[in-house]
Amino acid sequence: MISKKVIFLTFLLAIFCCAPFLFSKKEPKKIQLEEVLSIGKLDDDTLFQWVGVAVDSNEFIYVTDAMDYSLKKFDAQGNLLKKEGRKGGGPGEFTALRYLGNSEQFLYVTDQYKPEVQVFDKDLTYQRSIIIPVPIVDIKILSDDEIAVSTIVEAQLGKIFIFDSKGKAKREFQYSDKKLPLMMDVVSFDFDLKGNLYLAYSFQDKIEKFDPKQKKLWSKKLLGMKEVKREKIATFVLPTKYLYKDVALDSSGNLFVLGGSYSKNQSRDVYVLNPEGKLLTTFTLPDTSHCIYIDHQDFLYSRANEGITLKKFKMKYADS
Amino acid sequence: MILNIQKHIKKISLILMIILTTLTVIVTPVVSAREEGRCEEAYENCVDDAVGFFFLTGLFLNYMIYCTAGYVFCKKYLEK
């Protein structure tokens, strides 16, 4: 009887001692990048000016190439498998290709001057268009019936709009509590699996997290800036430099934020925050980028050679 | 506001398609702007073009918003 008790207590003690290691999330103190793939070179015609990237569960890489007016599909080794699209205003055609989102089945492609999202299957076959009546600054596909976009609004409160598969506004996620001057509430954003919203303001020193009920959980300034420079351009007063260019979440829920013009290494510094908003570490990309993307295996993708090259990195997490 | 825009989107989309060609011309300088200040220049050109639609209020506002979207992208993509 005693021995059973001893075994049971020892077991409990072991669980208690090991719990931090068993259940803790990956919380890096340092991240090193190891390049594992590079697509597109200065002397080839694989990519001309890529903008959006998405990676599916089969490790296929999809890229929007603005200057080539095409959507491209690569295998995990970086071989071009297929290319679709051309310049034009019709279905499956593009005028100013921008961002890319993906679900398990489909790809969602934005075009700056078309008030719609074009939907393609994974073979890059055009399926349909969804009318989105706002200019899209960032897009995330929560499901095939929930397309979240951030936009530019004037004299309104900053909101993320969530549209259904027919383009009907299903719900709004309000993130600002006061009306701001034009462009000052432009954000890049991402949702975690629990429905929490993370966002980084493009022209304010502000990174924030909201719970699914739209309650602000935290707000951080990483650059210590009180005011952002704005200039008069064509009768409008506009901000002229980005503070934060993009955000992405890794599988542990850590938030990666790509800094812009005010970072020490412009458009190269990436700030890593844990889900509670604590700055864990900062690392620097080898080349300037307009975006960062993290796939389901925590590989990081960014730009090189001004959009001619797409780089894939393994992130090596170190505890010290 | 979104619902209101949705009601008008069918009407507007037709007109938008007509000006698409004009807008495409604007895209080119935005995309090719490599030096600092070129995004501002492209924005000014876009606004100048939008003024031509000033008396078509809905269209003018749409045009202006898309000029701004072009500026936001230009700044993000082309400038450090």
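Me: Where does A:Asn305 lie in this predicted model?
Reply: The model is predicted. A:Asn305 sits in the loop between strand 27 (299-304) and strand 28 (309-318) of chain A.

Me: Why is A:Asn305 called partly exposed?
Reply: A:Asn305 has 15 other C-beta atoms within 10 Å. Buried needs 20 or more, and exposed needs 12 or fewer. The count falls in between, so A:Asn305 is partly exposed.

Me: What makes the phi of A:Asn305 worth noting?
Reply: Phi is positive, about 50°, although A:Asn305 is not a glycine. Most residues other than glycine have a negative phi.

Me: Why does A:Thr235 count as exposed?
Reply: A:Thr235 has 8 C-beta neighbours inside 10 Å. The cut-off for exposed is 12 or fewer. Therefore A:Thr235 counts as exposed. Its place is in the loop between strand 20 and strand 21 of chain A.

Me: What makes strand 8 and strand 11 of chain A edge strands?
Reply: The open sheet has the order 8-9-10-11 (chain A), with antiparallel pairing. Strand 8 (97-102) and strand 11 (126-131) each pair on one side only.

Me: How do you know that strand 8 pairs with strand 9 of chain A?
Reply: The requirement is at least two bridges. Strand 8 and strand 9 (residues 106-111) have four, in the antiparallel sense. A:Gly101 stands opposite A:Tyr108 in strand 9 of chain A.

Conventions
Residues are numbered from 1 along each chain as its sequence is written. Chains are lettered from A and ligands numbered from 1 in the order in which they are written. This is a predicted model: local features need pLDDT of at least 70, side-chain atom pairs count only at pLDDT 80 or more; totals for chains, interfaces and linings use all residues. Helices (H or I, at least four residues) and strands (E, at least two) are DSSP runs, numbered from the N terminus.
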